[in-house]
Each structure stands twice: as structure tokens, then as C-alpha cells.
Amino acid sequence: MFLSKKVANEKIIFQLDYLLQKKIFNAIILPSSTRDIENDLKKLISHNNFKILFLKQVHSDKIIIPEKKMEEVGDGIITSKVNLLIGVKGADCYPLLLVDVKRDIFGAIHCGWRGVASGIVEKAIEIMVGEFKSIPQNIYAMVGIGICEACYEVGDELLEIFGKKFVLKEIFTEVENKYHLNLRKAINIKLKEMKIPEKNIQNLPLCTKCSYRFLPSHRRNKTNKRIFSFIGKLNK
Ligand SMILES: [Zn+2]
């Protein structure tokens with residue numbers, strides 16, 4: 001797995017170029033507004049026969065499989081369709097991008113606290129294994145840019161909610177009588193529980209709120225901008 005970073009015109013673009021296979025498209029993450037995302041992608045990709053798909057995200061654990069049924073609302077997409085870039089958007093929530101490198105199965109999962117607490121990470125891997133016949137050893141995961149633990153003070157009520165599926169002291173820290181949630185770690189814990197090998201998990205250790213001012217952070221200023229993360233396979 002190879003990670004590169006380009007910074008141009010206040011846009012930071014990360015590419016996850018797994019196995020360096022030319023036929024398979026990189027994951028791309030770029031901060032942008034919904035309005036110009038399609039143009040931004042077309043400028044980045046020298047390929048004009050692709051579609052993009054992202055959902056109206058509602059902080060659920062609902063995952064869409066476009067082969068079975070196309071729906072507009074949900075928080076995850078898993079597909080083996082070619083020339084379809086599936087994506088998630090966020091401004092503090094984490095994007096989780098998944099790929100089965102042997103079978104070319106792709107996943108784009110929106111991981112906010114509600115989705116993670118209700119098991120969207122486990123559900124995504126279950127679908128790849130159960131419906132698409134992936135084996136965990138072939139699945140690679142990238143946990144993209146989201147809010148860091150230091151910036152993510154949360155209410156006490158989250159402890160009870162997360163307590164059903166997590167060991168609380170592994171993901172919460174107490175700072176001056178307030179709790180902070182390490183959502184990145186929570187996602188990583190569930191990936192490992194689902195038998196994804198640690199070497200297959202890549203993290204982009206940047207925070208939307210405190211790493212760069214131009215990364216969109218809802219906590220910072222309730223911005224309308226989002227980070228878009230895409231993955232998929234393009235046949236040239
Ligand atoms: Zn931060």
C-alpha cells in the first residue's frame with residue numbers, strides 16, 4: 001500500500017494506490033463543496049466514462065449494494081461495479097474506504113459516532129464476506145481524515161451507548177471532567193475484531209479541526225464544505 005500527498009490551490013489530495021495496479025483507481029480525498037465535486041474529480045482523473053455515487057447520509061448503519069437495489073439514503077456503499085466511484089462525505093466524521101484486492105470489491109462507509117456505535121464497520125465487513133465472498137485477509141482498509149480525540153469532546157450519554165459494543169477505557173479519555181472520544185481508534189478496533197490484518201489497515205492521521213485550516217470541520221465553524229473520499233475501479 002502506498003500513500004502520496006499533493007497540496008495545490010488549498011486542496012489536499014491523498015491517493016491510496018494499493019498494489020500500484022494501474023487498472024484500479026486510487027482512493028481520492030479532497031475537500032470541496034458538493035457543487036463542484038464532479039468537476040474536481042473530472043480534472044483529477046483522465047477518464048471520462050465514470051459515474052460517482054454518494055448517498056444522502058443520515059448517521060445510520062444502512063449500507064446500500066447498488067447491484068441489488070439503488071437507494072439514495074444510507075451511510076455505506078459496497079459494490080463490485082466498474083466505472084463507478086463510490087464515495088462518502090464528511091466534516092469531522094471519518095471516511096472508511098475498503099477494498100478486496102483479489103476480487104475487486106469496494107466499500108465506502110460514513111463513520112460518525114452513531115454509525116460506529118451501531119456497528120456499521122462490522123456490518124460492512126460482514127457484507128463483503130457474506131454477500132461478496134471476500135476473505136478478511138484480502139480486504140484493505142483506509143481510515144481517512146476525521147476529528148481527533150483532543151478536539152472531540154462528547155457528552156456523558158455516549159458512554160452508555162458505546163458501552164454495549166466497546167471497552168470504554170480503550171476509546172474514551174477524561175479531560176477536566178469531560179469525555180473525549182477517539183473515533184479513529186474505535187473504527188480500527190472493529191476492523192481488527194472483524195479479522196482485517198493490521199498490516200492491511202492504513203490511517204491518515206490528520207484531524208479536520210486542528211491539522212489544516214482548509215480542511216472542513218463542522219465543530220470549528222459549521223461549514224458547508226465536506227471532505228469527499230472515493231474509491232472504485234475504472235476500466236480504461
Ligand atoms: Zn484535532
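Strand S11 is joined by 2 bridges to strand S13 (residues 178–181), and the two run antiparallel. One of these contacts links Val-154 to its bridge partner in S13, Tyr-179. Strands here are DSSP runs (E, at least two residues; helices are H or I, at least four), numbered from the N terminus, and two strands pair if DSSP finds at least two bridges between them.

This is a predicted model, in which local features need pLDDT of at least 70 and side-chain atom pairs count only at pLDDT 80 or more, while totals for chains, interfaces and linings use all residues. Residues are numbered from 1 along each chain as its sequence is written, and side-chain values use heavy atoms, leaving out hydrogens and water.

## A salt bridge across the sequence

Lys-233 and Asp-104 form a salt bridge, with their closest N and O atoms 2.7 Å apart. Lys-233 lies in the segment after strand S15 (226–231) and Asp-104 in the loop between strands S8 (94–100) and S9 (105–111), so the pair ties together parts 129 residues apart in sequence. A salt bridge means a side-chain nitrogen of Lys or Arg within 4 Å of a carboxyl oxygen of Asp or Glu.
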